[in-house]
There are 2 protein chains.
Amino acid sequence: MENEKVLKVIEERRSIRAYKPDKVPADIIDKIVEAGLYAPSGMGRQSVIIIAITDKDTRDRLSSLNASIMGSDGDPFYGAPAVLVVLADKTRPTYIYDGSLAMGNMMLAAKALGLGSCWIHRAKEEFESEEGKELLESLGIVGQYEGIGNCIIGYAAEEPKAAERKPGRVYKIE
Amino acid sequence: MENEKVLKVIEERRSIRAYKPDKVPADIIDKIVEAGLYAPSGMGRQSVIIIAITDKDTRDRLSSLNASIMGSDGDPFYGAPAVLVVLADKTRPTYIYDGSLAMGNMMLAAKALGLGSCWIHRAKEEFESEEGKELLESLGIVGQYEGIGNCIIGYAAEEPKAAERKPGRVYKIE
């Protein structure tokens, strides 16, 4: 069945923590973002927004901001050239769930298109900082948006092994 | 490219709110649950658990509990014969994000396998109730688990139209 491909992509996706410097073509970024927009949302309200960053300077500044939040000076984006930031309107009761689903769709779409990805946390803290707020303002984003996740995207420079699934996580009542 | 199938499934998945009574074969349920287990999780900790309910009595009792939380006496599971409940260990800082990703994978896997699904909320309240706690206890589940979502699964009895995506949700810095 052709759609078994979907299950394969789900099982073979890995969090990638090493990237080649090669840029990701804009049309590929667009497809990944589109997948994020198609995630379901509470009451179908679609309150999630996505900032697609491929500009190197902005990407580097966001990386530094993210690093500073955890008191580091490394690159928490692992050299990935693109960062798709998901934010959600926190006045919606389901906003964290909704934003997470957009992140999940984008990670799967990236895998399907031959790219690596990883969810990098601390997006919440990024956009609670002055620098993060200024970034939103510069884009004309107004409203009660909370950072949900940074989806880093690029060509993988590693091939992580399949992570073993922990046993004992499924309970059946049949 | 064969993996474009994945993008198609992502874009064509809809929240299904009417189901045929037909049971879902156990091997299909297993595949969907497996997809949930393969979702990424913070630090790879895999703290998400899934309760797969296909027993009619238990499914009906959970539906009544869910309905009572919102002060209704309908069937919030829309007649779906199976409910896959995701819970996550709330001592993990990323537990809501992690649980949501498991929900997302299962909804996509269901679509890929020809089934309908929908995220039904109020799982948190379900398992904060005495009845919910007793259910967890009867399964030998101990720990600080919070309900993340009810993923209802079944054969769709409707074909919802493509929901238009709201415009203005993407910002590019390139």
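## A residue in the core

Start with A:Val86, which touches A:Gly36, A:Val48, A:Ile50, A:Gly99, A:Ala102, A:Met103, A:Ile148, A:Gly149 and A:Cys151, leaving aside residues up to four places away in sequence. Contact here asks for C-beta atoms, placed from the backbone, within 7 Å. This is a predicted model, where local features need pLDDT of at least 70, side-chain atom pairs count only at pLDDT 80 or more, and totals for chains, interfaces and linings use all residues. Residues are numbered from 1 along each chain as its sequence is written, while chains are lettered from A and ligands numbered from 1 in the order in which they are written.

A:Val86 is also among the residues with the most contacts inside the largest nonpolar core, which has 106 residues. Such a core joins buried Ala, Val, Leu, Ile, Met, Phe, Trp, Tyr and Cys residues through C-beta atoms within 7 Å, buried meaning 20 or more other C-beta atoms within 10 Å of a residue's own.

## A sheet with strands from both chains

Five strands make an open, mixed sheet in the order S5(A)-S1(B)-S2(B)-S4(B)-S3(B). Strands are DSSP runs of E, at least two residues, and two of them pair if DSSP finds at least two bridges between them. S5(A) and S1(B) run parallel, joined by four bridges; there, A:Lys172 stands opposite B:Ala52.

## How the copies relate

Key. Buried ≥ 20, exposed ≤ 12 C-beta atoms within 10 Å, placed from the backbone. Contact = placed C-beta atoms within 7 Å.
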